[in-house]
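Please keep the sequence and the model in view while reading.

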Amino acid sequence: MDNLVKKPWGSYTNLLDEDYTKVKKIVIAPGESPSYQYHFKRSEIWVIVQGIAEVKLDGVSKKYSVGDVIKVLKEQKHQPKNIGDEELIFIEIQLGEYFGEDDIMRIDDKYGRK
């Protein structure tokens with residue numbers, strides 16, 4: 001199992017990796033955001049444990065903070081953004097049939113990734 005995986009927007013740590021689920025701790029630096037993306041084979045549940053997020057779901061943005069739970073459905077376009085001054089940390093629970101990183105379909109990525 002991977003420990004810390006660094007990304008241009010922050011990092012993630014795999015906490016649990018099973019056939020039936022994957023659980024990650026996601027850390028996003030202030031002002032940063034992963035790509036606007038979707039998945040064919042999994043849904044996700046995010047629980048914010050530190051910081052303030054602006055989350056875009058299918059083009060609609062909403063603000064979330066500690067204790068909020070966000071459900072991301074299969075094929076729903078999504079993007080979290082850290083709009084606070086401290087690290088944004090959330091726990092991501094992936095549910096579905098496949099949890100590989102190659103199921104990330106990027107729509108828009110400020111780091112130029114495909």
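**Strands and pairing**

Strands S6 (residues 52-57) and S9 pair in the antiparallel sense over five bridges; strands, like helices, are DSSP runs numbered from the N terminus (E, at least two residues, for strands; H or I, at least four, for helices), and two strands pair if DSSP finds at least two bridges between them. The model is predicted: local features need pLDDT of at least 70 and side-chain atom pairs count only at pLDDT 80 or more, whereas totals for chains, interfaces and linings use all residues. Residues are numbered from 1 along each chain as its sequence is written, and side-chain values use heavy atoms, with hydrogens and water left out.

- Strand S9 (residues 78-82) is mostly covered, since four of its five residues are buried; buried means under 20% relative accessible area, exposed over 50%, and partly exposed in between (1.4 Å probe, protein chains only).
- An open sheet of six strands runs in the order S1-S2-S3-S10-S5-S8, with antiparallel pairing.
- The edge strands of this sheet are S1 (4-7) and S8 (69-72), each of which pairs on one side only.
- On average, neighbouring strands of this sheet are turned by 25° against each other, direction ignored; the axes are lines fitted to C-alpha atoms, for helices over the stretch in contact, and angles run from 0 to 180 degrees between N-to-C directions.
- S5 and S8 are joined in the antiparallel sense by four bridges, and Ile45 has Lys71 in S8 as its bridge partner.

**Aromatic rings**

- The structure has two aromatic pairs, counted where rings of Phe, Tyr and Trp (its six-membered ring) have centres within 6.5 Å; planes under 30 degrees apart count as stacked, over 60 as edge-to-face and the rest as tilted.
- Tyr38 and Phe40 form an edge-to-face pair, because their planes stand at 85°, with ring centres 5.4 Å apart.
- Tyr38 counts as partly exposed at 22% relative accessibility, and Phe40 is partly exposed with a relative accessible area of 39%.
- Trp46 and Phe90 form a tilted pair, with 4.9 Å from centre to centre and 40° between the planes.
- This pair links distant parts of the chain, as Trp46 belongs to strand S5 (residues 42-50) and Phe90 to strand S10 (residues 88-96), 44 residues apart.
- Both Trp46 and Phe90 are buried.

**Charges over rings**

- Lys56 lies over the face of Tyr36, at 4.1 Å from the ring centre; a charge sits over a ring if NZ of Lys or CZ of Arg is within 6 Å of the ring centre and within 35 degrees of the ring normal.
- Lys41 lies over the face of Tyr98, at 5.2 Å from the ring centre.

**Two buried loop residues**

- Ser35 lies in the loop between strand S3 (21-28) and strand S4 (36-38) and is buried, with a relative accessible area of 2%.
- The side chain of Ser35 makes a polar contact of 2.8 Å with that of Gln37 and one of 3.1 Å with that of Arg106; a polar contact is a pair of N or O atoms within 3.5 Å, where within protein one must be able to donate a hydrogen and the other to accept it, and residues adjacent in sequence count only if both atoms are side-chain atoms.
- Phe99 is placed in the loop between S10 and strand S11 (105-108) and is buried, with a relative accessible area of 7%.
- Not counting residues up to four places away in sequence, Phe99 touches several residues, including Glu18, Tyr20, Arg42 and Gln94; contact means heavy atoms within 4.5 Å.
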